[in-house]
Amino acid sequence: MKIKATEDTYLVGIGVSPGISIGEISLVDQRPMVDFSPISDEEVDPELLRFQQAIDQAGEQLQKIKQAVSRQPHLREHLYILDTHQLILEDEMLVEGTKKAIRERLNAEGALTQILEQLRALFDNIDDEYLRERRSDVDAVGERLLRILTGVGERTIGKIGRKSLVVAHDLSPAETMQFDRSKILGFMTDKGGRTSHTAILARSLDIPAVVGLESITSLVSERMPVIIDGSNGVVILNPSAETFKEYLQRKQSYDYLEQELENYFDLPSVTTDQVRIPLRANLEIASDMEQAKKHGAEGIGLYRTEFLYLGRSEPPDEEEQYLAYCKILRQAEGASVTIRTLDIGGDKFVPELNLADEDNPAMGLRAIRFSLQEEQLFKIQIRAILRASSCGRVRILFPMISGVAEIRACKKILYDIQAQLDQEGVSYDPNFSIGIMIETPSAVMIASLLAKEVDFFSIGTNDLIQYFLAVDRGNEHVAYLYEPLHPAILRALKATCEAANAADIEVCICGEMAGEPLYTLVLVGLGFDELSMNPACVPRVKRVLRQVSKQDGELLVEKLLLLSTGKEVSTAIDHEMGERLPDLFSQPLI
Ligand code: PEP
Ligand code: MG
């Protein structure tokens, strides 16, 4: 049912791609209606044929989109998403499951819908957010097939003829790729999450996007005026003249700042009192390397290698890993690349690795614990990383270390492999550095002991906050307690930096906190030697870094440490940064 949005209707969703756009809506929401009709014995074969033809036709559509996309250089790196969709079309559960349901006397679209529901339920039970959101790829393929079966036809997003902002229930990555950037000024969807492929693409295309709005399709109509603020996850339907004026100004200053940020791509990341703090990129998939270089990141501060292991039936062998690491190291052109060994288990689930079913996976056999148990798998990875060190500057990082014995066990395996390579005459760079992630309370408490064992620390605040505050990082019911600026976290960061400084080893931060420009001054004041973040965050953080001094940061940290609650700390930081850099830290209207 449609409820008409009144003037200045504010909606808040998840801002997945920053920027402000103002314009009219193009509503792309014509979902296929599915009938569940029983069929007779004679109808089974024709229905099976109809289903097979739909699969063939969907395959042809995807092939055509692939050809069109491959002609656009900025999108080529995302072709793998379409490959994924083609693979889903061959998925045994989807295809055979639907055929089985047809043989059990259900019409093709009903049978397919039933199987899609079962697949969705499977995805919903996966803990890992990234994998769970791959459900959207299955949904996209399912909808493509249903459109063919019900005759609704392909959605023609690529053909939207006027400049507008797209509103849809959901958008598939394939559709997002067909966007004509000169026409689509932004998009908003009912569904979607932060790490969906569509969100990743929106960022690459540089289109403001807000997803997870839940009911926007039921509130809007074609050509309704709208403002989208992708940085703050805000959408305003039917803006009043006053709101329109306000956002026009915001847009102008945002666009100006964006353009100005390009000037920061190649500038050194140095504070006003001449402290150099390299800004590095976090890398999940190899294609992010281009983004990292474009935005002026100095090498890779966190390569999450688990993404090499996802979505495949066998873990990558030594040669495949060696080639993948070498490629990144060569692209880094002499800048360091921190390769983290497999951080699997807990909220990152790889079905192929037969992880045990655990009651409490976040505290179970994850990360280094898993690697030390599955020693063979671990050794293959270490060999590949060491061999790749001949292609560039490698730093090896071990995740979720909670005690000295663990890092010693890792080093023993590392040195054994090194001796093996020496014996075999295989080349590698013996000057690699060894580091650990500091992400458990025990690691913080014994940071001075751990510092004697390694060359650097990298603080993983995503997990550190979860374990320190006893708040599941993926549980929305306790999200209000997940406070990066909780006094306990500030103290944990400070204690770790102090232990690293005392032992004269480097200390970096690679959790999401590092990419938040609002925190840059605090992190500088705490004494971090480098920050590693999502590549797109680098210019913004650099802009702040180049306008503040380490001394100011230290004074701010001293003040913050006197405060008692996370809220007090965040208000103090908002205030400080708003005063220092008002153009960057203006608040949204709501
Ligand atoms: C962290 O925990 O902060 C981190 C960087 O690692 P991940 O998010 O991969 O667990
Ligand atoms: Mg972590």
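Q: Buried means under 20% relative accessible area; in this predicted model, what makes Asp 463 a buried residue?
A: The relative accessible area of Asp 463 is 3%, and because the limit for the term is under 20%, Asp 463 counts as buried.

Q: Why is Glu 439 called buried?
A: Glu 439 has a relative accessible area of 2%, and since buried requires a value under 20%, the term applies to Glu 439.

Q: How do you know which residues are the protein donors of the magnesium ion (ligand 2)?
A: Donors are N, O and S atoms within 2.8 Å of the metal, and the OE of Glu 439 and the OD of Asp 463 lie 2.1 to 2.3 Å from the magnesium ion, so these two residues qualify as its protein donors. Glu 439 belongs to the loop between β13 (433-438) and α16 (441-445), whereas Asp 463 belongs to helix α18 (residues 461-468), so the pair ties together parts that are 24 residues apart in sequence.

Q: What makes helix α4 (residues 108-124) roughly antiparallel to helix α6 (residues 135-150)?
A: The axes of α4 and α6 come within 10 Å and cross at roughly 175°. Because angles over 145 degrees count as roughly antiparallel, that crossing makes α4 roughly antiparallel to α6.

Q: Which residues of α4 and α6 meet, and how do they divide into nonpolar, polar and charged?
A: The residues of α4 that meet α6 include Leu 112, Leu 116, Leu 119 and Phe 123, and those of α6 that meet α4 include Val 138, Leu 145, Leu 146 and Leu 149. The residues of this contact comprise nine nonpolar, three polar and five charged.

Q: What makes β11 and strand β12 (residues 393-398) a pair?
A: Five bridges join β11 to β12, again with the strands running parallel, and because at least two are needed for pairing, the two strands count as a pair. Arg 393 in β12 is the bridge partner of Ser 336.

Q: Why is strand β11 (residues 336-340) described as mostly covered?
A: Five of the five residues of β11 are buried, each having under 20% relative accessible area. Ser 336, Thr 338 and Arg 340 are buried on one side, and Val 337 and Ile 339 are buried on the other, so that both faces are covered.

How values were computed. Residues numbered from 1 in each chain as written. Chains lettered and ligands numbered in written order. Predicted model: local features only at pLDDT ≥ 70, side-chain atom pairs only at ≥ 80, totals over all residues. Heavy atoms only, no water. Buried < 20%, exposed > 50% of the residue type's maximum accessible area, 1.4 Å probe, protein only. Helix = DSSP H or I, 4+ residues; strand = E, 2+ residues; numbered from the N terminus. Donors = N, O, S within 2.8 Å, 3.2 Å for Na, K, Ca; no water. Axes fitted to C-alpha atoms, helices over the stretch in contact; angles between N-to-C directions. Parallel < 35°, antiparallel > 145°, perpendicular 65-115°, else oblique. Contact = heavy atoms within 4.5 Å. Nonpolar A, V, L, I, M, F, W, Y, C, P; charged D, E, K, R; others polar.
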